[in-house]
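I opened this model to look up a few residues and the elements around them. My notes follow in the order I made them.

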Amino acid sequence: MIIPVDETNLLQAATIHSITWKESHRAFCAPDFIEIHTPDRQRDYLNAKMNRGTKIHLLVTDEKPVGIVSVTNSLIEDLYVLPDYQNMGYGTMLLQYAIAQCADTPTLWILENNTRAEKLYRRMGFKKTGKKNSITDRLDEIEYTL
């Protein structure tokens, strides 16, 4: 079941965001930068996004929150599934849900080294647009659209 994130479940969503963000960024971010991404910090991050109009959604299975995704107009972000629940179709489920929430052509950005995400997005029909954002001098973020 996918439900909206609000003040009652924001910390659950933030905890998922914290755990999965740390796991997905550990290989290329400094340890001190990784560790500041606590559930409290990510709660503030998600709350600020919601205050700007972003809709955040929580995937709950067997009464346990296991994943999140956010949508701002047609921009899909923050697609995270807890490590123990990856490769079970939950990322696909969240992405399909997010696509249906988009006001226009679904768009997303991924780090160029995130091959697992790229595989999911390509399988769902997303293609590179050619746009890039430089994150560091060695890492770019690549735009994809459906």
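**Entry 1: H37**

I started with H37, which is buried at a relative accessible area of 4%; I take buried as under 20% relative accessible area, exposed as over 50% and partly exposed as in between, with a 1.4 Å probe and protein chains only. This is a predicted model, in which local features need pLDDT of at least 70 and side-chain atom pairs count only at pLDDT 80 or more, while totals for chains, interfaces and linings use all residues. Residues are numbered from 1 along each chain as its sequence is written, and side-chain values use heavy atoms, with hydrogens and water left out.

I found H37 in the loop between helix 2 (31-35) and helix 3 (39-51). Helices (H or I, at least four residues) and strands (E, at least two) are DSSP runs, numbered from the N terminus. The H37 side chain makes a polar contact of 3.0 Å with the side chain of R41. By polar contact I mean a pair of N or O atoms within 3.5 Å; within protein, one must be able to donate a hydrogen and the other to accept it, and residues adjacent in sequence count only if both atoms are side-chain atoms. With neighbours within four places in sequence left aside, H37 is in contact with S18, W21, K22 and Q42, where contact means heavy atoms within 4.5 Å.

**Entry 2: helix 3**

Next I checked the length of helix 3. Its 13 residues should span 18 Å at 1.5 Å a residue, and the end C-alpha atoms are 18 Å apart, which agrees; the expected span is 1.5 Å times one less than the number of residues.

Which residues of helix 3 are buried? I noted Q42, L46 and K49. Viewed down the axis of helix 3, the buried residues fall within an arc of 55°, so they line one face; the arc is that of the directions from the helix axis to the C-beta atoms. An α-helix has 3.6 residues a turn, so residues three or four places apart point the same way. D44 and N51, on the other side of helix 3, are exposed. The cover over the buried residues of helix 3 includes helix 1 (10-25), strand 2 (55-61), strand 3 (64-72) and strand 4 (75-81). After helix 3 comes G53, with a positive phi near 105°.

Seven of them form an open sheet of mixed pairing, in the order 1-2-3-4-5-7-6; two strands pair if DSSP finds at least two bridges between them. Strand 1 (2-4) and strand 6 (127-136) are at the edges with a single partner strand each, so one side of each has no neighbour in the sheet. From one strand to the next the twist averages 30°. Axes are lines fitted to C-alpha atoms, for helices over the stretch in contact, and angles run from 0 to 180 degrees between N-to-C directions.

Strand 1 and strand 2 run antiparallel and are joined by three bridges, with P4 opposite H57 in strand 2. Strand 2 pairs with strand 3, also in the antiparallel sense, over seven bridges. There L59 stands opposite G67 in strand 3. The hairpin of strand 2 and strand 3 has two residues between the strands, and D62 takes a positive phi near 50°. Six of the seven residues of strand 2 are buried, so strand 2 is largely enclosed by the rest of the structure.

**Entry 3: helix 1 on the sheet**

Helix 1 lies across strand 2, strand 3, strand 4 and strand 5 (107-111), at about 85° to strand 4. Helix 4 (residues 90-101) also packs on the sheet, and its direction makes about 160° with that of strand 4. The buried residues of helix 1 include L10, A13, W21 and H25. They pack against helix 2 and helix 3 as well as strand 2, strand 3, strand 4 and strand 5.

Is N9 buried or exposed? I read a relative accessible area of 5%, so N9 is buried. N9 is in the loop between strand 1 and helix 1. A polar atom of the N9 side chain lies 2.7 Å from the backbone nitrogen of D6.

S70, in strand 3, counts as buried at 0% relative accessibility. Its side chain joins that of D78 in a polar contact of 2.7 Å. Not counting residues up to four places away in sequence, S70 touches several residues, among them K49, T54 and L75.
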